[in-house]
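This report is written for a reader meeting the structure for the first time. Please view the sequence and the model together with the text below.

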Amino acid sequence: MNATLLSEATKLSVAERIDLVAAIWDSMAAEINSLPLSDDHRAELDRRLSEIDTDPDAGKTWVEVRGKIERGQ
C-alpha cells in the first residue's frame, strides 16, 4: 500500500473518507469481471447453480434467514 496515499486519506473527514471508500468500491465493482476465478471456485459455483436448478425450493428465503439471524439462532 502506498503510505503517502494512506497518510493523505487520513487527513480527510470521516464523511469524506466514507465517500472515498464508496468511490473505490464502485471502481472495483466496475472491474469485477477482470478478476481471475480459480477452477475450484468455478466448479463450486457450477455445483451450486446445478443444485438450484435441480431443486429451486431447497433453500431459504432472505426473510427466513434474516429472521433467524435476528433471533440469534
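## Glu51 and its salt bridge

In this predicted model, Glu51 is partly exposed, its relative accessible area being 46%. The side chain of Glu51 forms a salt bridge with that of Arg47, at 2.9 Å from N to O. The two residues lie 4 positions apart in helix H3, so about one helical turn separates them.

## Arg47 and a further partner

Arg47 also meets Glu44 in a salt bridge, here with an N to O distance of 2.6 Å. Helix H3 spans residues 39–54, and because Glu44 and Arg47 are 3 residues apart within that helix, the separation is again about one helical turn. Arg47 has a relative accessible area of 43%, which places this residue among the partly exposed ones. Glu44 is likewise partly exposed, with a value of 28%.

Helix H4 covers residues 62–70 and contains both Arg66 and Glu70, which are 4 residues apart, or about one turn of the helix. Their side chains meet in a salt bridge of 3.0 Å, N to O.

The whole structure contains 5 salt bridges.

Met28 belongs to helix H2, which runs over residues 14–30. With a relative accessible area of 44%, Met28 is partly exposed.

## Overall architecture

The secondary structure consists of 4 helices and 0 strands, giving the pattern α-α-α-α along the sequence. Taken along the principal axes, the C-alpha atoms occupy a box of roughly 50 × 35 × 20 Å. The radius of gyration is 20 Å, while a compact globule of 73 residues would have a value near 11 Å.

## Surface and charge

Of the 73 residues, 3% count as buried. The accessible surface amounts to about 7,000 Å², and carbon and sulfur atoms account for 59% of that area. The protein carries 9 positive and 15 negative charges, whose mean positions are 8 Å apart.

Definitions and conventions. Residues numbered from 1 in each chain as written. Predicted model: local features only at pLDDT ≥ 70, side-chain atom pairs only at ≥ 80, totals over all residues. Heavy atoms only, no water. Buried < 20%, exposed > 50% of the residue type's maximum accessible area, 1.4 Å probe, protein only. Rg over C-alpha atoms; globule rule 2.2 N^0.38 Å. Areas by Shrake-Rupley, 256 points an atom, 1.4 Å probe, with all protein chains shown as cover. Lys, Arg positive; Asp, Glu negative; His and termini not counted. Charge placed at Lys NZ, Arg CZ, Asp CG, Glu CD. Salt bridge = Lys/Arg side-chain N within 4 Å of Asp/Glu carboxyl O.
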